[in-house]
Amino acid sequence: MPSDIFEHGEASFTDRVNSEGFGPRTRLVFDHLVSRVIGQERAAERLARGLAIFYSKLKAPNKPINVVIFAGPTGVGKTLMAEELARCLIADITPPPLTLIDCTVLTEHFQISELVGASANYVGYGDTPKLAQMKIDEPAFWVQWQEHLKKHAKDEDASKLERQLPHFYERNKPYLSVILFDEVEKAHAKIHGALLNVIDKGRLQMANGDWTDFTNSIIVLTCNIFGREASDLLSGKDRSIGFGRGPKDAKAAYDEVDRAIYSGTVAALKKFFPAEFVGRIRTNIIVFRSLTREQSSQVLEIMLKKEQAKFSGTDDGPPPLTLEFSQGFKDYLLDHGSSQEFGLRPLEQMVNKLVTLPMANAIEAEELIAGDQVMFKLDLAGNPALFRQPRPAGMISLTRRELPYSPDPGPPPGSQTSLPKKGQ
């Protein structure tokens, strides 16, 4: 580089560079996340931008790709965001291709052995720990292996392909991984200490002496700290701010409560976790927002589309049916299922109660058959109900005759009451 490039000083640098926009890969991540997790654009943006250092090859070689903590009210999409990140980066499949660590069952100090393995002569010795290299590689590995099978299954016999599996695993390292520590605040402090090693050094030693490399991993910690206080704010129990005070501007109330939840959550995290833990992740704390009714309505549309997709007529699914939902029915679901306090879980429960269960009952009772067109709407009394279009003239009804109910008398005397054992 010429030594005289700076001879005119800083005044010679006149072309401002846009360093705040999305690149093509981070844009794809952002678009995927906001299309699947409604109402959390801020969280999706921070998560997507956090990948820019990885994509631009500026990541520290001994650190994970990213370590983030998702906090905020319950039922607003924290776990879903981690799942969709894995679907975006690895494969859009169900179940999502991530490593899930449920911290609610890791509350005792000895349970760290489930993550790093047990020492010789202890219970669990010889079991593969959840954070072993092979375990965190497994979701991405199986995606690649299935793609490999599709290409070569016709040309090679199954036994030969199976023998290739270990070599395929070694040849395709490293594997991208998304690791979710769900409800991390409930894990024992010893597990928090293990996480410090992962954040600092990008690796963790198992009990058998093997090392797991996390430098190609994105680690997501979900946390419900300040959840009860957030629920009180959202329900209006705290009358000093937000919804409880009843301001004329609903958006101002929503933003005011959101700011209170954010500041309260960050303060609670700093108080709960050790200073050295918070110090390493404090710039990566992402607090999720509560959802407005409009956003809940968008989520409801996604839920109902999933219900419709169940009746597409696949060989292993229910009979092909056409499902429709009236606006009045949708409003009923929102009125009885939307909850600032509990997020989307009550809405999901309402869909299960008023859509999935009635459809299951009607199909099992043979009240609905293949080709029927049905609609969920409100009856004359304003109650949700399931209606069917009249069937075309001449269409054979497959519904069974109505029979008076009688208790099951059980098998006749001397009949076999269980399946025969193998070899009989």
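The axes of helix α12 (residues 293-309) and helix α14 (residues 345-364) come within 11 Å of each other, crossing at roughly 40 degrees. Axes here are lines fitted to C-alpha atoms, for helices over the stretch in contact, with angles from 0 to 180 degrees between N-to-C directions. The model is predicted: local features need pLDDT of at least 70, side-chain atom pairs count only at pLDDT 80 or more, and totals for chains, interfaces and linings use all residues. Residues are numbered from 1 along each chain as its sequence is written, and side-chain values use heavy atoms, leaving out hydrogens and water.

- On the α12 side, S296, L300, M303, L304 and E307 make the contact (heavy atoms within 4.5 Å), and on the α14 side L347, E348, V351, V355 and T356 do.

**Residue I286**
- Strand β7 (residues 285-287) contains I286.
- I286 counts as buried because its relative accessibility is 3%; buried means under 20% relative accessible area, exposed over 50% and partly exposed in between (1.4 Å probe, protein chains only).
- Leaving aside neighbours within four places in sequence, I286 touches A43, R46, L47, V68, I69, F70 and A71.
- K78 lies 208 residues from I286 in sequence and 9.6 Å away in space, C-alpha to C-alpha.

**Confidence**
- The mean pLDDT (the predictor's confidence in each residue, from 0 to 100) of the chain is 86, and 87% of the residues score at least 70.
- Residues 397-409 stay under 50 in pLDDT, with ten contacts beyond four places in sequence in the model.
- Residues 411-424 are also below 50, with one contact in the model beyond near neighbours in sequence.

Methods. Helix = DSSP H or I, 4+ residues; strand = E, 2+ residues; numbered from the N terminus.
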